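Let's take a friendly walk through a protein structure. Have a look at the fold, then read on.

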Amino acid sequence: MLAILGGVPACHVDWPPWPRLSDEGQRRVNAVLRSDRWSVSGRSRGEKSLERQFAEAFAAYCGSRHGVATDHGSSSLALAIESLGLPAGAEILVPAMTWVAPATAVYEANLVPVVVDVTASTGCFDPAAAAVRLTDRTKALIAVHHYRSLCDMPAVLDFARGAGLAVIEDCAQAHGAMLNGRRVGTFGDVAAFSMQQGKVLAAGEGGAVLTDDAGRYDRLVQLRTDGRRYVENPGFDSMEVVDGRSVMGTNRCMTEMQAAILLSQLPLLDEQHAIRAKSCAIIGRRLEDLGLPPFGQPAGVEQESVYKYAFRWPVERRRGVGIEAIAAAISAEVGFAVYRADPPLNEHPLMRPWTRLRYRAIDSVGAFEGIQFDTPVARELAEQTLLFHHAPLLAPEHAARIADAIEKVATSIDELAAHGTIEAPDPD
Ligand SMILES: *Cc1c(COP(=O)(O)O)cnc(C)c1O
């Protein structure tokens, strides 16, 4: 019998916790706390701030020339967009299937998000669907690498070049993923990352922006640091940043505590990718056999980065049972939250720009219309998609148990159908 109906769960596993801090990370954080430099505005003792060290290490890891650490992924996106210097009223194409931040960040930059449909196999940006939304105001697109799938960057770049658009990569869910020999975040003009609690590189809150362009880097630093920029040799007991006097900014800096955590986590990331890949291989094969296909990848993916494991439960395999009830049933078997995907942005309950006074000015150019376009592929995909967080994938020795739990629900779907409505679990 299904666990959700009172049966014995398919597995009893203590799943790995997330986020986690190594002893080395603990030592680094303690050292910061004992010092008098908790942020870049603390007094320098001649050493670079940790947030700057992290930005450099992370840029080097990704293969980008320059990095700026930030307080959040959302700020990273807003800064990345602002760094492009687009004209007022510019429209930015945003894929429909994603977290709300790529769209809200466009509003934060006083520009206009335009929602476009996604590729059915990956749930990522679809150049063909985007082509339909081009106007003479379209100036950029945000390529969001989503869950575990990557955008087909060669196709996205081709499209962008043809349409004369700047490319922002949103890599909040894909730190370290590799396509055609390059890590994500190095394909577009500028890239944004998040180091929020659930991401594969996590500091509770945090983010980074990467770019190869030295001028853009200089603007990004000033936009982030109240208009200040770094000095190479701050005098003893002075700040590491001085007035830049070219760009007005705001404060979106990362703390030294966050940077200490991230400096300790970055060296572990590739090993964690390899461990999660083992789990994905085990689970993926089983789900394919069950007719519950995992999300696909474009050609050329050499390294996956799994933020959420996404697979589809087609309507014809449900006997009328809702996707939420299936999610709840799997959760009860497996002992961690399995949940449905967010609805497309144009139907997303958190997309309410008209509730913000400051966005009304943007709406004078029709900013709220752009998030209302219909996106049938994303809608259908969201209706079929089940997700779970990457943390359980860090235990590949138990990956088969996850597949067992899903299989148990698939083969007991009649039991669920006979039972009627079941409440959905809360996402992580
Ligand atoms: C998490 C996330 C963000 C925003 O990051 P925060 O650090 O939470 O502000 C942006 N884009 C995507 C795709 C995300 O998953």
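Below we visit a pocket and then some charged pairs.

The model is predicted, so local features need pLDDT of at least 70, side-chain atom pairs count only at pLDDT 80 or more, and totals for chains, interfaces and linings use all residues. Residues are numbered from 1 along each chain as its sequence is written, and side-chain values use heavy atoms, with hydrogens and water left out.

Start with the largest pocket, which has a volume of about 850 Å³. Here a pocket is an open set of points on a 1 Å grid over the protein atoms alone, where a 1.4 Å probe fits, with protein on both sides within 12 Å along at least five of seven lines; lining residues have an atom within 4 Å of a point. The volume is the space filled by probe spheres set on the points, which are joined across faces, edges and corners. Of its 41 lining residues, W99, Q196, K199, Y307 and K308 are the closest to the centre. Because domain 1 (3–20 + 269–343 + 379–419) and domain 2 (23–267 + 349–365) both give residues to the lining, this pocket lies between them; the domain bounds come from an automatic or database domain assignment.

Now for the charges. The whole structure holds 28 salt bridges, each a side-chain nitrogen of Lys or Arg within 4 Å of a carboxyl oxygen of Asp or Glu. In one of them, E91 pairs with R137, with the closest N and O atoms 2.9 Å apart. E91 counts as buried at 7% relative accessibility, while R137 is partly exposed at 40%. Buried means under 20% relative accessible area, exposed over 50%, and partly exposed in between (1.4 Å probe, protein chains only).
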